[in-house]
Amino acid sequence: MYTGENIGITVSDNGIAELTFDVQNSRVNIFNAQTVDELSRAIEFLESQSNIKGLLIGSAKAAFIAGADINEFAPIFSQGPDKILELLQKSNSNFNRIESLPFPVVAAINGFALGGGCEMVLACDYRMVSEDLRIGLPETRLGIIPGWGGTVRLPRIAGIETAVEWIASGKEYSATQALKVGVVDGVTSVNQLNSSAMDVLQQCIDNKLPYLSRRQQKQSPLRHNDIEKNMAFMTCKAMVGAQAGQHYPAPLTAVTVIEKAADLHRDKALLIESEAFVEMAQTQAALSLSGIFVNDQQLMKKAKQLAKEANSSISKAAVLGAGIMGGGVAYQSALKNIPIKLKDVQQAGLDLGLSEANKLLNKRVKRGRLDSENIGEVLNRIEPSLEYSGFDKVDIVVEAVVEKSEVKTAVLKEVEEKIHPEAILTSNTSTISIDFLAQSLQRPENFCGMHFFNPVHAMPLVEVIRGDKTSDNAIATTVAYAVALGKKAIVVKDCPGFLVNRVLFPYFAGFSLLLCDGVSFERIDKVMEKWGWPMGPAHLLDVVGLDTAVHASGVMADGFPERMPRENSSVIQALLDAQRLGQKNQKGFYDYGTDKKGKPTKTVSDEALEIIQLHRNDDNTEENRCSEEEIVFRMMIPMATELSRCLEENIVDNVAEADMALLYGLGFPPFRGGVFRWIDDIGIECFCSMAEQFQHLGESYRTTDTMKQLRNTGASYYSSSFTQSNDGGDLYVN
Ligand code: 3H9
């Protein structure tokens with residue numbers, strides 16, 4: 001018998017050993033440093049016993065193993081190649097030893113077998129799984145490649161094609177999918193799992209199953225036809241590389257590793273894998289993507305904890321206004337099983353809201369994410385209404401009427417009288433101050449902002465905005481609703497633009513200044529897209545709507561006249577004056593239309609170019625002088641300094657939440673991990689000296705106190721924690 005903290009082994013009288021993972025203080029089993037060490041000791045125990053005839057590996061938890069501990073990545077990866085290799089060698093040695101035990105080894109796999117969890121079972125002789133299994137090698141999604149033998153054993157077990165697909169995509173697969181391609185050997189119910197696995201083990205012990213030849217196959221070079229292999233790899237490398245793009249090198253590297261290692265014995269193949277892993281682990285993508293996992297877990301944990309603190313649960317919601325946002329909220333609520341009243345003042349509005357919901361549901365059916373017979377059931381959860389009847393029974397209301405303060409104030413005042421005194425009232429305003437809106441309410445403590453992003457069903461972020469008088473219960477209930485809708489809730493403090501729009505508009509201002517200096521919007525879009533944004537600023541403004549942008553810029557200018565003066569949006573105002581509203585009337589920076597095949601088109605508008613020309617500064621030669629790097633910095637510095645100010649003013653709680661808000665709300669490039677992660681990557685010194693170069697462009701280009709302090713101390717955002725003393729005194733870095 002062996003007893004560790006996370007692993008236990010029992011040996012029965014008939015010589016069957018059972019090794020069980022049960023990692024302490026964690027809801028799922030993971031290979032943290034302690035568990036890896038324990039596994040080594042457990043194997044030592046197994047190697048030392050002469051009476052063992054077979055080994056069954058399983059889990060005491062509802063999930064098998066979710067892989068390596070991602071929290072340990074950044075600290076280890078930052079220590080350089082030797083430490084990374086050490087991390088690889090420990091588990092590789094463990095898994096190789098499992099593959100060499102003098103008796104058969106069968107894994108009984110339930111729940112999840114991901115990353116290192118999947119790699120460990122590939123080292124076992126047979127894999128029996130329960131129906132609920134999700135198995136896969138998601139490493140490339142974290143910017144790395146499998147490092148514990150995944151690229152070596154999977155092709156030898158399931159063939160090159162399956163290995164390339166699984167590893168390059170990083171997807172999870174079901175038990176039946178895994179069985180079909182031969183990654184696992186049998187699927188049973190959860191209850192039968194142990195006995196079925198035991199049965200397979202007994203067959204191995206009785207020499208009825210050829211476990212030794214399986215081991216041989218996993219350790220030998222792959223058998224293949226050279227010409228076919230070369231052709232296959234050439235095609236799939238081109239495909240994988242194109243799909244992942246230049247900023248995400250891991251998928252292509254993984255395929256190259258499989259190719260290079262195909263002709264080699266296991267141990268040499270593992271060396272090739274390790275070498276490539278070390279290289280990938282030191283990329284910006286790996287640091288950012290594994291950082292995103294850690295930030296996301298932290299964010300979700302906090303949101304779930306907050307949600308638990310709500311006085312009551314939400315069984316019914318209501319939304320006011322059946323426009324794009326209101327309709328989106330109604331759809332999302334109904335989809336997530338929370339009945340919702342959808343109120344509008346016009347029947348036509350309600351009809352539109354419902355037909356949009358219907359369209360989205362049909363799309364889900366087409367993608368295989370919903371059975372067509374369930375459409376009606378979901379739609380029935382939306383109760384359209386022209387009046388307030390039944391509003392006294394709802395637990396939460398989202399106001400999503402037109403973005404005009406007088407309309408919102410009147411509607412909020414009206415609905416407050418119709419709802420239960422305990423119900424929570426929220427506004428989906430994107431710019432209007434929550435404290436201002438609260439002034440007209442009798443129960444401002446039950447009121448806060450709930451800012452969704454467009455399109456509601458697709459954008460993960462919900463900003464929950466705390467006003468001065470908002471109670472903890474209002475925040476907790478709103479966060480609970482956001483979590484129930486499947487959204488990422490980030491609580492921020494009230495200020496013009498809240499968090500995301502407050503930092504987006506300085507970015508747009510940086511864009512306007514570039515236009516005035518003669519840089520073409522098409523070039524700026526291309527440069528920023530190359531930098532990683534899903535769309536450049538001109539295209540984004542067209543999507544947002546130039547009317548909405550000008551309105552929001554006005555709010556920001558009133559709030560922060562020094563940094564965000566009105567003239568910063570004068571070019572956009574001029575386009576709007578020419579009735580160029582963006583995508584909504586197909587005329588913005590670009591003209592939008594459809595080609596002969598009905599595909600949407602986007603072409604640079606001559607009219608827009610002429611209007612912008614009128615706003616150019618005298619010096620028209622700037623375009624030639626502005627390098628790509630300068631364009632990026634001139635766009636990003638105002639966003640970064642404003643985000644830093646938000647942190648200093650406690651608008652957002654911490655660096656991780658600030659970065660995640662931009663990722664989830666704006667589609668900030670994931671491989672850069674967020675604005676603060678980007679600054680850490682290029683170094684605060686580089687950022688500050690670039691900002692100095694552009695200080696003549698205005699206040700938004702001035703670095704903040706925190707930035708200056710980091711520069712002086714040589715620290716980074718993620719290695720420091722920031723606190724502001726309650727009296728608003730000095731800001732210091734721990
Ligand atoms: C790898 O293995 C690389 C190797 O090839 C080589 C390495 C050198 N690390 O999400 P949940 C925690 S790469 C750390 O709420 P769910 C999670 O933080 C790894 N922590 O549950 C949470 O903690 P807490 C490849 C992890 O049911 C708790 O478990 N593996 C890890 O919604 C529950 O998680 C992956 O990429 C981890 N690997 O989803 C899988 N996994 O209780 C990443 C989980 O304190 N994990 N935790 O809040 C997942 O995708 C999901 O967590 C999973 C469960 C699908 C497993």
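This is a predicted model: local features need pLDDT of at least 70, side-chain atom pairs count only at pLDDT 80 or more; totals for chains, interfaces and linings use all residues.
How many residues surround the ligand, and which are the closest? Select the ligand and find out: 27 residues surround it, and the closest are Ala 68, Gly 116, Glu 119, Glu 139 and Gln 297.

Residues are numbered from 1 along each chain as its sequence is written, and side-chain values use heavy atoms, with hydrogens and water left out.

**Stop 1: contacts with the ligand**

Show Glu 139. A polar atom of its side chain is 2.6 Å from a ligand oxygen. Next, Gln 297: a side-chain N or O atom lies 2.8 Å from an oxygen atom of the ligand. At Gly 116 the backbone takes over, with an N or O atom 2.8 Å from a ligand oxygen. Polar contacts are pairs of N or O atoms within 3.5 Å. Taken alone, the ligand exposes 1,000 Å², and the protein buries 81% of that (Shrake-Rupley areas, 1.4 Å probe).

**Stop 2: the shell**

Colour the shell by residue class. It holds 16 nonpolar, six polar and five charged residues; Asp, Glu, Lys and Arg count as charged, and Gly is among the polar ones. Now select helix H3 (81-99), strand S6 (112-114), helix H4 (116-122) and helix H13 (284-308): each supplies at least two shell residues. H13 gives the most, with three. Helices are DSSP runs (H or I) of at least four residues; strands (E) have at least two.

**Stop 3: the domains**

Zoom out. The domain assignment, automatic or from a database, gives domain 1 (2-282), domain 2 (313-493) and domain 3 (500-719). The C-alpha centres of domain 1 and domain 3 are 44 Å apart.

**Stop 4**

Most residues other than glycine have a negative phi, and most peptide bonds are trans. Go to Asn 337, in the loop between helix H14 (324-335) and strand S12 (340-343). Its phi is positive, about 75°. Finish at Pro 455, between strand S16 (447-452) and strand S17 (461-466). A cis peptide bond joins Asn 454 to Pro 455, with omega about -5°.

Definitions and conventions. A residue is near a molecule or strand if one of its heavy atoms lies within 4 Å of it. A polar contact is a pair of N or O atoms within 3.5 Å; within protein, one must be able to donate a hydrogen and the other to accept it, and residues adjacent in sequence count only if both atoms are side-chain atoms.
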